[in-house]
Amino acid sequence: MADDQAQFETLLLTLLSTENETRTQAEEAYDKIPGATKVPFLVQSLKSFNSSIEVRTLAAVLLRRLFTNTFEEIWPTIAVDLQNAIKQQLMLIIQEEITPPVRKKVCDAAAELARNLIDDDENMLWPEFLKFMFDCANSEDAGLRESALHIFCQVPGIFGNQQTHYLDVIKQMLSRSLHDKDHPDVWKEAVKATTAFLVANDKQVSLLSHFRDLLPAMIKGISDSVEEQDSDSLLKCLIELAENVPKYLRSQMEHIFPFCLKIISETNLEDSWRQLGMEVIVTLSETAPAMVRKHAKFMPLLVPQVLALMVDLEEEPDWSLQDEPEDEDTDSNAIAAESALDRLACALGGKTMLPHILSNVPQMLQNNDWRYRHAALMAISACGEGCHQQMEGMLGNILDAVLPYLKDPHPRVRYAACNALGQMCTDFGPLFQKKYHEKLVPNLLAVMDDEANPRVQAHGAAALVNFSEDCPKNILADYLDIIICKLEQVLNSKFKELMEKGTKMVLEQVVTTLASVADTSEEKFTAYYDRFMPCLKYIVQNAVQQELRLLRGKTIECISLIGLAVGRDKFLSDCSEVMQLLLKHQTAETEMADDDPQLSYMISAWARMCKIMGKDFQQYLPLVMGPVLKAASLKPEVALLDTDEMKDLESDSDWQFVTVGDQQNFGIRTAGLEEKATACQMLVCYARELREGFAEYAEEVVKIMVPLLKFYFHDDIRIAASESLPYLIDCAKIRGEEYVAEMWLHVCPSLLKAIEIEPEQSVLPEHLNSLAKCIEKLGRGCLSSENMHLLIQLMEKLFQDHFKRQEDRHEKRKDEDYDEDVEETLLEEDDEDVYILSKLSDILHSLFGTHKEEFFPIFDQLLPFAVKLLGPDRPWPDKQWGLCIWDDVVEHGGSNSVKYQQYFLRSMLDYIGDKQPEICQAASYGVGVMAQFGGDVYAQPCAEALPSLLKVIQHPESRSVENINPTENAISAVTKICKYNASGININEILPLWFSWLPVWEDEDEAVHIYNYLCDLIEMNHPVILGANNENLPRIVCIIGEAFSKECISTDDPLYSRMVNIVKQVQSNQELFQACVSQLTEEQKQALSTAVSQ
């Protein structure tokens, strides 16, 4: 046994070898040893004090790793006696190890074992370790006291279900240690341990309050650590507290703000320390904005400090000439401060931030040092999103202040001015473009003449992208000639430069700008198509070198966007050639690398080509699907890391982290994630556009998409997976009902599970929408009794959550930090909730639509929620969606729905007169549904509703923008009463009024009912409508002419033909027809002429 142990320790030594081959062989040998064998060997190695510190440290690290990654597999296979010996030895080693770094690593391993020995009921199965920890905490040996705190820091939940019992003891231990100023390692570890404990109990309000008196000592310790400049870990603790338990810090805000401001202003400190000081305030602003706004007196001190960091730039003589700019130094003060200003503005709002930004920026713009002018312009870029409301009224002044700097002598200032204008186009579009296009376009085009400074020239073109993306098409159309002329000039010049010098950055940007302009211009770009397409095709064909991959990818994007803009007919002559060019690279012998920048452009371009070509794209599917499926199937690298391992990777921008549980972190390698998201979105496009033409891929794509419903690292991927499912069901229908049923059997449980466990409120509605569409497509009986039961349970839970969140918001309005900015946030949350409610209504709509009154017994389980939504005390969106649910009950339940009338009828009739347009519309629509589908049992309620409906229609403001939809729904309701359920009214009294309300045009669905009834009455020669001696014919022709000019009736609808025939009948009497037409507007005449000539 001793020989085996010696061999094992030799192996550990070899694992530390600097020789790669030797170390690799040792790793292979180590991996072959069973885990249960390794544990006692590693523990024994820790006891070998003759071994080097490096070997003992490695043994501790490997032991902790075993407990972290494979505890469930190895621990149960170790005999109980040996388990007890291991636990005993670990405690002994911690006591006897004299080298602090080694002891800390042994504590890590012991803590990991302790974490795993807390069972599901939170019983601590290693009680001796708790006693050991207390003994260490009370030891005279400062090293052991530090060890106890370190273990507690690693596993703050170590007391399990006994925590409440030990709370005062824990507090006493932490308090004593925080005040142990003779032993710096102890109080520093105490700050970390207290932080970990508070964060682990972040929802326990009473516990946080109980521990609040530890905060002054913690702040003092953090302050001392900054003075010492030893380790920034304690300052990071303050950020952790700000992020997780911000209100715990309330009592010390008067100390925290000056403390952080002092750190930010201390130019002798390392940049990273100053940025951490800034991060404390920024994080607090994000997690407790109202609390920070109460300390607004510090803002006049904070904003200048942040701006001062933004000035911290270095002069780079060749900066503006770089053809391949290096990635921005995200660790620099300037970039960190710019991000901080953006986050502060978004968190605290414009009322708090903008005055202080505006009080500093003007003098910075006048500074002779270019760095101040640059920082001022970047500050304008950074604060637009957060200060949107306040800046909107002063856009003209800001624009006039920025424009002169497009001609600044320093290229980086000109670049920053382009950046500010581009960002303002994005943040304030389309209003900014509508108001100031006359100033923006000429000035940005002038920047594109800056041949001597390619980076500035390219950024001018990039700002034009921002301008065109949100610019109304009719405004952009006025500038197309000069924009196209400039883009053509720069494109030709830079294409020549590429051939001669190999420079490509400006060319890449101009191609992107051209694509954006075409995308917004749509068919108006057709006139310029032939000026660009040959050159673009040439680039795709010839830009095959490694360094030109990005240019080729952007050009592919540009061609496909132009094709989409000008439409199939114009693009058709180039369509086949473009597809061949795209596929030529794809079908080449060498497969495209996963990180090839062309790949995502190519995948998106194919989807656009699919939209352009429609069914004709199907022939290319075998060639394009390979890379798309491969990208969609990408399995990113995921790792479970402890805190130390995460620190090693923190600076690696390729990794993102999510903390789970006690000090454990999931890391995901982000490479390929965006391509995966793009590929998933493209698969949605193929399924939607090609339908049965995509059938042969439906099964494979379903197998990819269904697991992605739980892909929590990327919201857009889950959304695409959800969105694809109804389309894939459509695709599969050509294979027969049995095939579709089998596919749905695979999809349905996963979709229901996704609804149950979706963590993001913004993604949940997409899952609900997908389910509603699937039910509509599959019809009655698509949900088994088990799945129907599960769905109703989920809907019950979502309704309960909806009401609970409303109550929570009501409570937040009573909070001491409540202010108008908090109200804005609460209203945003409310909008999110209402959107979910609307999707719950959609699911009920699909269930009633497919199951009719058979759904009533199941609906009864949700009845209390449907009733509660209509309550007089509910917010108006609740009433609106509650009415929509009851509209469906009546529409699809017909006369059988009368059994529910006690729950909804009175509310529906009362809400017709509600001042909120959405409620009035839903109630009016409901009366129309009662008339059309409810039969005789609803004749009396329909008659009772009539005066209220007339009041809505005859109100002086009934045709205003906000009221027109409720009004037209009310007119439609009267129409349906007259047509389907008139036994309780005098129809001849109503018809003259009804005729006077026409025309209608806004609500196209209801217009069909109204105009069909008009046609019925005309075709039966109703005297009220035609009038004495047909005197109303001119008015009838005018009504039809207005309906046609507003395009509210689809030309495919049989109603359209009925209306045209009526006009043609009048036209047969030319004299009469001319008399009618003479009273029409030009638009009405044109619409009628087009209709009768078809």
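Two rings of Phe, Tyr or Trp (for Trp, its six-membered ring) make an aromatic pair if their centres lie within 6.5 Å, and the pair is called stacked when the planes are under 30 degrees apart, edge-to-face when they are over 60, and tilted for the rest. The model shown above is a predicted one, in which local features need pLDDT of at least 70 and side-chain atom pairs count only at pLDDT 80 or more, while totals for chains, interfaces and linings use all residues. Residues are numbered from 1 along each chain as its sequence is written, and side-chain values use heavy atoms, with hydrogens and water left out.

By this rule, the structure holds 37 aromatic pairs. The pair of Phe129 and Phe132 is stacked, because the ring centres are 5.8 Å apart and the planes stand at 25°. Both residues belong to helix α7 (residues 127-137), where they are three residues apart, about one turn of the helix; helices here are DSSP runs of H or I with at least four residues, strands are runs of E with at least two, and both are numbered from the N terminus. Phe129 counts as buried because its relative accessibility is 0%, and Phe132 counts as buried at 7%, where buried means under 20% relative accessible area, exposed means over 50%, and partly exposed lies in between (1.4 Å probe, protein chains only).

Phe848 and Phe856 form an edge-to-face pair, with 6.1 Å from centre to centre and 70° between the planes. Both of these residues are buried, and they belong to one aromatic cluster that also includes Phe855, Phe859, Trp886, Tyr900, Tyr903 and Phe904.

Across the whole structure, a search finds 69 salt bridges. In one of them, Lys247 is joined to Asp817, with the closest N and O atoms 3.7 Å apart. Lys247 lies in the loop between α13 (233-244) and α14 (253-265), and Asp817 in the loop between α40 (785-812) and α41 (820-851), so this bridge ties together parts that are 570 residues apart in sequence. Lys247 is partly exposed at 35% relative accessibility, whereas Asp817 is buried, with a relative accessible area of 4%.

Another salt bridge joins Arg805 and Asp833, whose closest N and O atoms are 2.7 Å apart. Since Arg805 lies in helix α40 and Asp833 in helix α41, the pair ties together parts that are 28 residues apart in sequence. Arg805 is partly exposed, with a relative accessible area of 23%, while Asp833 counts as buried at 2% relative accessibility. Elsewhere, salt bridges that share partners join Lys247, Arg250, Lys294, Asp815, Glu816 and Asp817 into one network.

Note on methods
A salt bridge is a side-chain nitrogen of Lys or Arg within 4 Å of a carboxyl oxygen of Asp or Glu.
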